[in-house]
2 protein chains.
Amino acid sequence: MSSNDPSASPTLEHVAKVAGVSRATVSRVINGIRNVDPKIQEVVRAAIAQTGYVPNQAARSLVTRRTNSVALVVSEAEHRTFDDPFLGRIFTDPFFGRVVSGILGVLRPRGVTMALMLAETQEARTQLIGYLKQGHVDGVILISTHAEDPLPRLLTEAGLPAVLSERPFTPLPISYVDAAQAAGAKLAADHLVGRGCRRVATISGPLDMPASRDRLEGFREAMARHGHAYVPSVEGNFTQETGERAMVQLLAEYPDLDGVFVANDLMALGAVLALHDHGRRVPEDVAVIGFDDSNAALACRPPLTTIRQPLEDMAARMADLLLEHIDDPGSPPRSVIFEPTLVVRRSA
Amino acid sequence: MSSNDPSASPTLEHVAKVAGVSRATVSRVINGIRNVDPKIQEVVRAAIAQTGYVPNQAARSLVTRRTNSVALVVSEAEHRTFDDPFLGRIFTDPFFGRVVSGILGVLRPRGVTMALMLAETQEARTQLIGYLKQGHVDGVILISTHAEDPLPRLLTEAGLPAVLSERPFTPLPISYVDAAQAAGAKLAADHLVGRGCRRVATISGPLDMPASRDRLEGFREAMARHGHAYVPSVEGNFTQETGERAMVQLLAEYPDLDGVFVANDLMALGAVLALHDHGRRVPEDVAVIGFDDSNAALACRPPLTTIRQPLEDMAARMADLLLEHIDDPGSPPRSVIFEPTLVVRRSA
DNA sequence: TTGAAAGCGCTAACAC
DNA sequence: GTGTTAGCGCTTTCAA
């Protein structure tokens with residue numbers, strides 16, 4: 001009698017009965033398969049509307065082996081715990097919103113949803129892999145913020161379709177999207193030198209991240225080409241606070257600085273604050289260039305000259321690649337590199 | 001032969017065969033149901049380990065009618081489109097990270113995942129409801145940022161377990177968690193008056209949000225009790241930029257202001273910047289109080305005195321309530337109100 | 001072009 | 001305490 005129970009949500013069976021056809025036909029109409037008589041299509045659609053039918057995702061997944069959802073996994077270094085400001089940091093960084101925005105822009109039109117997952121401890125990572133293996137999602141976009149992250153390898157081994165937000169630290173057969181970090185740093189170096197800076201330093205991101213390394217090395221290399229053999233650097237961790245501290249330290253060691261390249265805008269904001277606190281005018285005394293073109297760049301006084309990465313486009317491309325891998329599991333891993341650009345504002 | 005295909009991932013059937021027991025028994029040990037001989041449990045666990053078995057979530061959902069996932073839906077006002085800075089705004093606002101953090105703190109230990117969904121147009125909302133009805137998730141946590149949002153009603157009608165992040169604009173049989181907004185505003189008023197401010201104004205949030213209204217009215221009421229019959233106000237939309245603009249406008253109309261209550265920290269940050277640009281010292285000339293105690297409060301120079309809502313706790317409570325409703329679909333809607341506190345820093 | 005029927009992998013009565 | 005069995009709701013051969 002279950003097919004007559006009005007309290008249960010309608011199934012294909014109900015619709016079929018109402019339309020006077022078989023389940024198979026209704027299924028075909030719903031899945032847009034041709035070879036269905038237009039008249040019957042009409043009838044079926046009417047029946048669907050009448051019954052208020054919506055397909056059951058679990059039943060569908062069981063046979064298609066597709067969930068129509070992907071995971072956005074944010075992975076963070078080992079030593080941090082859940083209570084640390086990690087979450088606040090990542091979600092607060094404008095970076096994250098732009099990434100989500102780019103991803104959702106391609107996922108939503110295709111009816112694919114995004115589950116947000118965190119992996120900030122070893123335990124969480126193991127759990128996560130197990131979870132992903134259960135077939136909860138069709139693929140994974142991984143935002144990994146440190147080098148020794150085992151997740152890229154684990155994902156590869158698990159055979160899950162995946163795309164990284166950065167070139168993996170260790171070469172791996174996995175797709176990734178990245179920006180030409182060194183080229184961006186070169187843009188900054190050229191600009192600083194071009195405006196006449198002679199004593200230049202840099203504040204880098206965490207050096208266990210490939211992106212941070214690339215920016216630092218790219219910057220030094222470009223400065224070297226301009227004849228500056230040595231560029232002092234202090235390491236930060238992408239927060240405003242560490243940017244501030246790093247600047248204070250730099251100022252103590254090199255009081256006559258006249259230019260700083262900071263590896264992201266949030267730290268640059270902190271650096272500008274520190275500079276201000278120490279009586280330096282920006283850009284008159286010290287020119288500052290950030291990285292990202294996040295809204296922190298605009299929030300800063302003066303507004304930051306910065307290096308822009310097309311984050312939304314990059315994220316969208318990640319989603320594209322992932323969808324491709326899901327549709328064609330055999331497709332070889334691909335890499336897509338975006339070019340950063342210089343955005344000139346007032347700080348340099 | 002399918003049960004012998006080594007390329008397919010192992011099923012209960014395989015494990016059962018290896019362990020020399022029935023599917024049901026394996027299922028029992030997996031789901032931790034007692035009444036299973038300890039010895040057999042051992043054997044089964046060994047078989048599970050040996051085969052590398054992981055349960056198929058779709059199959060499980062099909063029979064249990066549970067997905068073990070909930071949706072975090074962020075709903076935004078009608079007129080905004082996907083390309084608008086909406087996403088950047090919401091994800092950039094420190095508010096969001098704290099909420100996610102609180103939710104995940106209770107969800108993850110229970111093995112429940114969180115899908116992130118957006119509803120920023122009427123179309124997206126309709127789609128969303130359809131999607132949710134498919135049984136993709138067990139329940140919904142709704143962060144609604146405007147009053148006329150039809151989602152709370154639609155969710156109620158759809159009979160989906162749901163919890164709102166705010167008292168619904170129109171009374172509805174639905175659970176929600178909120179902060180005592182007016183009480184928070186009163187804290188700000190008392191502090192401003194206490195430090196001697198005589199000409200006080202306020203910058204409110206969007207007035208189509210109950211929380212904004214409550215803060216504004218609560219502030220005015222408290223000021224009235226202190227004898228201040230009229231408090232000028234300008235409406236912002238919670239961004240730094242609108243805070244800045246609102247402050248400029250206030251300054252133009254009331255040049256002798258000596259105190260401002262701003263409905264969130266981000267706008268307060270903008271207000272402080274504007275004050276600074278107009279040669280006013282904070283707090284000497286004008287005292288400023290924010291709301292939220294987000295990290296914008298610390299980023300501000302001077303650091304903001306602000307009203308703190310225990311966002312993480314509130315979010316955690318939302319998750320708790322939702323899980324309760326999922327476990328007991330018949331339980332009546334509940335409301336939980338948290339008390340805000342005053343955090344004194346340097347701006348007031 | 002349509003229908004009948006066989007599962008997808010799992011849980012939960014119900015029997016033993 | 002354990003096994004048998006009947007589905008959950010859907011897609012997809014295979015026949016007709």
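# A two-chain model, piece by piece

In this structure, 38 residues of chain A are in contact with 38 residues of chain B. Keep in mind as you explore that this is a predicted model.

**Where the chains meet**

- On chain A, the side that touches chain B takes at least two residues from each of α4 (57-64), α5 (86-92), α6 (94-107), β2 (113-119), α7 (122-133) and α13 (295-299).
- The biggest contributor to this side of chain A is α6(A), which gives eight residues.
- Sorted by class, the side of chain A that touches chain B holds 19 nonpolar residues, 16 polar ones and three charged ones.
- The chains also share strand pairing: β2(A) and β2 (residues 113-119) of chain B are antiparallel and are linked by three bridges.
- To find one of these spots, look for A:Met114, whose bridge partner in β2(B) is B:Leu116.

**An open sheet in chain A**

- A handy reminder: strands of a sheet pair through backbone hydrogen bonds, either parallel or antiparallel.
- Chain A has an open sheet of six strands with mixed pairing, and you can trace the order as β7-β6-β8-β9-β10-β12.
- At the edges sit β7 (233-235) and β12 (341-343) of chain A, each of which pairs on one side only.
- From one strand to the next, the twist averages 20 degrees.
- Strand β10 (residues 305-308) of chain A runs antiparallel to β12(A), and three bridges join them.
- A:Ile307 has A:Leu342 as its bridge partner in β12(A).

**Helices across the strands**

- Helix α10 (residues 210-225) of chain A lies across β6 (200-204), β7, β8 (259-262) and β9 (287-292) of chain A, at about 170 degrees to β6(A).
- Helix α12 (residues 265-277) of chain A lies across β6, β8, β9 and β10 of chain A, and its angle to β9(A) is about 160 degrees.

**A closer look at A:Val36**

- You will find A:Val36 in the loop that runs between α2 (23-30) and α3 (38-51) of chain A.
- A:Val36 counts as partly exposed because it has 15 C-beta neighbours inside 10 Å, while a buried residue would need 20 or more and an exposed one 12 or fewer.
- Setting aside neighbours within four places in sequence, A:Val36 is in contact with A:Thr25, A:Arg28, A:Val29 and A:Gln41.
- A:Val26 lies ten residues from A:Val36 in sequence, and their C-alpha atoms are 9.5 Å apart in space.

Technical notes: Residues numbered from 1 in each chain as written. Chains lettered and ligands numbered in written order. Predicted model: local features only at pLDDT ≥ 70, side-chain atom pairs only at ≥ 80, totals over all residues. Contact = placed C-beta atoms within 7 Å. Helix = DSSP H or I, 4+ residues; strand = E, 2+ residues; numbered from the N terminus. Nonpolar A, V, L, I, M, F, W, Y, C, P; charged D, E, K, R; others polar. Pairing = 2+ DSSP bridges. Axes fitted to C-alpha atoms, helices over the stretch in contact; angles between N-to-C directions.
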